[in-house]
Amino acid sequence: MVSLEQAKAAAAYAAQRLREALARRKLRFSSNCQNDSGTHFQRDIFPEKKRSKTEWLEILAKVDAGLTPEEAGYRA
């Protein structure tokens with residue numbers, strides 16, 4: 001009976017540690033997702049490259065010429 005109680009206690013301890021680790025990860029991810037106003041903002045994690053109208057036209061011309069979007073310089 002003692003080993004069953006020890007196993008239950010070990011399982012409860014492991015579950016608690018897992019919950020704490022997930023909470024820390026959620027907090028860390030949440031802090032990475034916030035801009036200065038404190039709101040979640042996806043572009044803070046993955047900033048997009050600003051392109052000029054000329055750059056877009058060049059990319060489109062390359063795609064029209066048969067290149068794939070990636071070969072033409074487009075990055076999502």
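Mentor: Start with Arg 17, which sits in helix 1 (residues 2-32); helices are DSSP runs of H or I with at least four residues, numbered from the N terminus. The model is predicted, so to speak of local features takes pLDDT of at least 70 and side-chain atom pairs 80 or more, while totals for chains, interfaces and linings use all residues. Residues are numbered from 1 along each chain as its sequence is written, and side-chain values use heavy atoms, without hydrogens and water.

Trainee: Is Arg 17 buried, exposed or partly exposed?
Mentor: Arg 17 is partly exposed, because its relative accessibility is 48%; buried means under 20%, exposed over 50%, partly exposed in between (1.4 Å probe, protein chains only).

Trainee: And how much of the protein is buried?
Mentor: 5% of its 76 residues.

Trainee: Which elements does the protein have, helices or strands?
Mentor: Four helices and zero strands, in the order α-α-α-α from the N terminus.

Trainee: What phi does Gly 66 take?
Mentor: A positive one, about 115 degrees, just after helix 3.

Definitions and conventions. Helix = DSSP H or I, 4+ residues; strand = E, 2+ residues; numbered from the N terminus.
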